[in-house]
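Work through these exercises with the structure in view. Try each task before you read its solution.

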Amino acid sequence: MAMTSELSAKLEAYQKRAADNAENVVFKVFPQKALIDSSSDTSSPFNLAHASTSTDTTVYPDPSKGQRQDSKKRKVADGDAKASAKTTENAHYAELIHANKHIIKVHERIKNECEELARTCDEVSIWVNLTMPNGDNFGVAVQEEALAELNRCQQSAINLRDAVRQHHLSRAKICSKLIKYPNVEDYSLALKEHDEKTMYSARANLFDLRNIYAVMTNIFQKNIAKIRAPKGNNSEGLY
């Protein structure tokens, strides 16, 4: 059984779009992203001048506590104290420590960059797979090495993206201690140090993303001929 001419034409159009998208990534997106570094600019959220000034260690009271107390007083005055004891109004509501808004802004940028890296690597991976010759494995060494590099880049993007979750979990543990022991100054200092470390890590992650793009630009532009036409052009490995 063979494909219909209509389906074959659609498949060829898809392969052409995949090739065009991938070459746009290789020759435009990767080189542009290799230049991402605005951390030296004082207006950049990644500038380390923000590290020591963005943490609020204040333990704020529950904003609805006063409303619950007023409600309880009214019920007692109305002779409904017994019913009130069965509601959640008498439950303990913990105080509040605000998240670091500046670090949230920084992490949004990191997440977007990681998602774009994973997406662009996927677009190039599809193209490389489509250029592999049918039949035996002769002449596909460069494609296989390129795919391995793309896979490593995608895994790096996933790991860098996960740093956001790890930050919030670690920060929550310190905040819970600070709420429980607000008079222990070391917990306030620990929270500040944690946020400063997170800023340094976020800046390092931005540099890691830049370096990944620089390496991928170098690999693909040096080996583009072997990737476009693999047969008979891959007697040597990846440059």
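**Exercise 1.** Is the crossing of helix 4 and helix 5 left-handed or right-handed? Then work out how the two helices run relative to each other.

*Solution.* This is a predicted model. Start with the handedness: helix 4 and helix 5 make a left-handed crossing. Next, locate the pair. Helix 4 covers residues 101–131 and helix 5 covers residues 141–180. Two packed helices are described by the angle and the distance between their axes. Here the axes come within 9 Å and cross at roughly 160°. Angles over 145 degrees count as roughly antiparallel. Helix 4 and helix 5 are therefore roughly antiparallel to each other. Last, sort the contact of helix 4 with helix 5 by class: 15 nonpolar, 8 polar and 4 charged residues.

**Exercise 2.** Which residues have the most contacts inside the largest nonpolar core?

*Solution.* The largest nonpolar core has 37 residues. Inside it, V124, W127, V128, L150 and F220 have the most contacts. Now find the contributors. Helix 1, helix 4, helix 5, helix 6 (185–222) and helix 7 (224–228) each give two or more residues to this core. Zoom in on F220. Leaving aside neighbours within four places in sequence, F220 is in contact with V26, V124, V128, A146, L150 and I227. Another core, of 5 residues, lies apart from the largest one; I174, C175, L178 and L191 are among its members.

**Exercise 3.** Where is T57, and what does T57 touch?

*Solution.* T57 sits in the loop between helix 1 (5–33) and helix 2 (65–77). Not counting residues up to four places away in sequence, T57 touches L178, S188, L191 and K192. Now compare sequence with space. T57 and H98 are 41 residues apart in sequence, yet 8.0 Å apart in space, C-alpha to C-alpha.

Conventions:
Residues are numbered from 1 along each chain as its sequence is written. This is a predicted model: local features need pLDDT of at least 70, side-chain atom pairs count only at pLDDT 80 or more; totals for chains, interfaces and linings use all residues. Side-chain values use heavy atoms; hydrogens and water are left out. Axes are lines fitted to C-alpha atoms, for helices over the stretch in contact, and angles run from 0 to 180 degrees between N-to-C directions. Helices (H or I, at least four residues) and strands (E, at least two) are DSSP runs, numbered from the N terminus. Angles under 35 degrees count as roughly parallel, over 145 as roughly antiparallel, 65 to 115 as roughly perpendicular and the rest as oblique. A crossing is left-handed if the near helix is turned anticlockwise from the far one by less than a right angle, and right-handed if clockwise. Ala, Val, Leu, Ile, Met, Phe, Trp, Tyr, Cys and Pro count as nonpolar, Asp, Glu, Lys and Arg as charged, and the others, Gly among them, as polar. Contact means heavy atoms within 4.5 Å. A nonpolar core is a set of buried Ala, Val, Leu, Ile, Met, Phe, Trp, Tyr and Cys residues joined through side-chain atoms within 4.5 Å. Buried means under 20% relative accessible area, exposed over 50%, partly exposed in between (1.4 Å probe, protein chains only).
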